Amino acid sequence: MFQSFFPKPKLFFLSVILWTAAAMALWYSGAHDWGQYLGLGVATPEDGQIVGIHYFWSPSFLWLYVYYVVTVALFAAFWFTWSPHPWQLWSIIGSSVILFTTYFGVQISVALNNWRRPFFDMVQAAFTEDVTTKAVDFYNLIWVFASIAFMAIFVFVATRFLISHWIFRWRTAMNDYYMARWKQLRHIEGASQRVQEDTMRFAGIMEGLGVSMIDAVMTLVAFLPLLWSLSGYVTELPIVGAIPAPLFTAAVFWSLFGTFLLAAVGIKLPGLEFRNQRVEAAYRKELVYGEDDFDRAQPLTVKELFSHVRRNYFRLYFHYMYFNVFRSLYLQADNIFVYVLLIPTIVAAGTVGFTYGIMQQVLTAFNQVSNSFQYLVNSWTTIVELLSIYKRLKAFESAISGEDLPDIDKEWLEIHGAPDGDATQPVGSGV
């Protein structure tokens, strides 16, 4: 699944994490100011509060573009030299472009959040008795919003187009890898389905799930510092009182609570989804054999195989039932959680300088951070499906590497015998 597209996957992904951590540590420890030595201007804290599309060519951003290109070029040059790979342009360069465009899209959300404070403060001022706000001021801010929104549309469409092509290249790499070893794989139960359908589903799920994960990480990188700074407007929280960085702390705690809660509740789902694919494959294969062989797909055999399908689906329905109860309760509570946190601050708004515009910024930033931390909560059912497909393909690849079959495949072999009807022959032997 991975070595077909990435060079030395384990080392590659480890190097990605380490190199990213080193680049970010260098950036935040002072490298963000180096752009002035290249004549790109001096970065200031006010750059992050610019309202308008020129936010994206402030000195901070201009130097970030150069810094990112340099770090990616150094990383790619190392892997191109040390471990060349047929798909390295897509897996390394393509991945880095997707990461950047995703981060750029998140920064558009930050720019829109910067716009919220002056706009909603203007709305609040318009509701007072001494109205000094003019209609032209609103129209100007609406035009600022429109310019940022048009950029957001362009970046979103371009990013999704690139990701779709990137994902299909990965599927192509998997397909070529498996077909080059087809003689070893053709005897495995459901071999054709795994090459065609499972790789297709794996690529499709990775497209949606991977984009969501990258977006969640980039959102945290962009909005966590903002939420930390906005915590200065919140003096205390209900029940716990005054704590350091209250909004930041509450967002992390609440999100981790939901993640661990649903992970514990849904612990059985990946295995059940995997078994579901196996019983469906066995039922489908017997029917396919019955098309050419009169002695196959007999009523008793088909009835027994379908009973396995029925039993596993009913187990899935039961476990998804209580999982969805907990998930729905948590997500509904999440809708009002931030408002509960802000009640003491709203009540004391007149004394702490808490305005309607700042409140809108807080709500947006908190929800962005909270939703990013809740990536597993919101994507758990899709992750379950991906894990089940991964298990099938991992078992499939055991025939290539000569590894022992996973326990669930050994269990299947003990119950049903080898796919060609010879119970003495191990699944995936290639014989």
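Is Phe2 buried, partly exposed or exposed, and what is its relative accessibility? Phe2 counts as partly exposed because its relative accessibility is 29%, where buried means under 20% relative accessible area, exposed over 50% and partly exposed in between, with a 1.4 Å probe and protein chains only. The model is predicted, so local features need pLDDT of at least 70 and side-chain atom pairs count only at pLDDT 80 or more, while totals for chains, interfaces and linings use all residues. Residues are numbered from 1 along each chain as its sequence is written, and side-chain values use heavy atoms, leaving out hydrogens and water.

Across the whole structure, a search finds 43 aromatic pairs; rings of Phe, Tyr and Trp (its six-membered ring) pair if their centres lie within 6.5 Å, and planes under 30 degrees apart count as stacked, over 60 as edge-to-face and the rest as tilted. Phe2 and Phe13 form an edge-to-face pair, 6.1 Å centre to centre with 90° between the planes. This pair links distant parts of the chain, with Phe2 in the segment before α1 and Phe13 in helix α1, eleven residues apart; helices are DSSP runs (H or I, at least four residues) numbered from the N terminus. Ring pairs also join Phe2 and Phe13 into a cluster whose members include Trp82 and Trp170.

Lys8 lies over the face of Trp82, at 5.7 Å from the ring centre; the criterion is NZ of Lys or CZ of Arg within 6 Å of the ring centre and within 35 degrees of the ring normal. Lys8 has a positive phi of about 40° although it is not a glycine.

Terms used: Helices (H or I, at least four residues) and strands (E, at least two) are DSSP runs, numbered from the N terminus.
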